[in-house]
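Student: Could we go through this structure together? I would like to begin with the charged contacts and then move on to other topics.
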Amino acid sequence: MRHCHLAVLLMAVATPALAQQGIPLVTVTPGEDGANSYSLTIQILLLMTVLSLLPAALLTMTSFTRVLVVFAILRQALGTAQTPSNQILVGLALFTSLFIMTPVFEKAYSNGISPYISEQLNFNEAANRAIQPFREFMLNQVREADLALFVDLSGDNDIDDPADVPLKILLPAFVVSELKTAFQIGFLIFIPFLIIDLVVASVLMSMGMMMLSPILISLPFKIMLFVLIDGWSLIVSTLAAGFYL
């Protein structure tokens, strides 16, 4: 108890002393070209904010959405319930997306992050240069109809060049476009397995085996077909190639 009382007393004494030091939270230094550079404290705060937004950026600015949705539809088409598990699918989608996005990451690092670390650029210029490769990637993948839809919804009719579209419009248009593409790919994947289910169900009905589940009988055939065509390699390679055709 004495140790607890001593710790409380020390905290009570130290708090006013720290408050009197007047440590500034934000220090802005004007530069020669009119730009402002922020203190190390606010830079750390901004870095922590960016790190907290990384999951959202992963979902909205990369190939992760398309890859994960295709894998989920594939598992549903196979009828294997929770095999592979969600963790395995998310991990495979994550590293597949990392493989697909490596050229974009390298370009963003060399254009923006590396010059900022070496103090050749301020924070604003480095951020603009680092985000530019992601803008180019999203503009190459987004559908014109989806982009035009969100431009109309925003009411900003002054945009003539797609390169001038702000991120607040480009991001939702890209996500919607990726979902549409993923469902189209999933539809094509689903058809062969659906045919196997229909054939097995018809055979069982003709044999009068109404109490036997067609899914239970068709599952080995679907797995065998998927293994024979080397399905995982085929789907991963097709997804990766689809972003840079």
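Tutor: A definition comes first: a salt bridge is a side-chain nitrogen of Lys or Arg within 4 Å of a carboxyl oxygen of Asp or Glu. Please keep in mind that this is a predicted model.

Student: How many salt bridges does a search of the whole structure find?
Tutor: The search finds four salt bridges. One of them joins Glu 178 to Arg 66, whose closest N and O atoms are 2.7 Å apart. This pair links distant parts of the chain, with Glu 178 in helix H8 and Arg 66 in helix H4 (residues 64–78), 112 residues apart.

Student: Are Glu 178 and Arg 66 buried or exposed?
Tutor: Both Glu 178 and Arg 66 are buried.

Student: And which salt bridge does Lys 107 form?
Tutor: The side chain of Lys 107 meets that of Glu 136, at 3.1 Å from N to O. Glu 136 belongs to helix H6 and Lys 107 to helix H5 (residues 86–117), so this contact ties together parts that are 29 residues apart in sequence.

Student: What about Lys 222? Which residue does its side chain meet in a salt bridge?
Tutor: Lys 222 meets Asp 197, with a distance of 3.3 Å from N to O. Here Lys 222 lies in helix H9 and Asp 197 in helix H8, 25 residues apart. Lys 222 and Asp 197 are buried.

Student: Let us step back. How many helices and strands are there in the protein chain?
Tutor: The protein chain has 10 helices and two strands. Read from the N terminus on, the order of elements is α-β-β-α-α-α-α-α-α-α-α-α. Of the 245 residues in the chain, 28% are buried.

Student: Now the aromatics. How many aromatic pairs are there?
Tutor: The count comes to six aromatic pairs. Among them is the stacked pair of Phe 137 and Phe 243, with 5.8 Å from centre to centre and 20 degrees between the planes. Phe 137 is in helix H6 (residues 123–141) and Phe 243 in the segment after H10, so that pair links parts of the chain 106 residues apart. Phe 137 and Phe 243 are both buried.

Student: Why is that pair called stacked?
Tutor: Planes under 30 degrees apart count as stacked, and the planes of Phe 137 and Phe 243 are 20 degrees apart.

Student: Which residues form the aromatic cluster?
Tutor: One aromatic cluster is formed by Phe 71, Phe 193, Phe 226 and Trp 232.

Student: How far apart in space are Leu 194 and Leu 78?
Tutor: Their C-alpha atoms are 9.1 Å apart, while in sequence Leu 194 and Leu 78 are 116 residues apart. Phe 190 lies in helix H8 and is partly exposed, with a relative accessible area of 28%.

Student: One last topic, the backbone. What is the phi of Asp 230?
Tutor: Asp 230 has a positive phi of about 55 degrees, although Asp 230 is not a glycine. Most residues other than glycine have a negative phi. Asp 230 is located in the loop between helix H9 (214–228) and helix H10 (231–242), and is partly exposed, with 44% relative accessible area.

Terms used: Residues are numbered from 1 along each chain as its sequence is written. This is a predicted model: local features need pLDDT of at least 70, side-chain atom pairs count only at pLDDT 80 or more; totals for chains, interfaces and linings use all residues. Side-chain values use heavy atoms; hydrogens and water are left out. Helices (H or I, at least four residues) and strands (E, at least two) are DSSP runs, numbered from the N terminus. Buried means under 20% relative accessible area, exposed over 50%, partly exposed in between (1.4 Å probe, protein chains only). Rings of Phe, Tyr and Trp (its six-membered ring) pair if their centres lie within 6.5 Å; planes under 30 degrees apart count as stacked, over 60 as edge-to-face and the rest as tilted.
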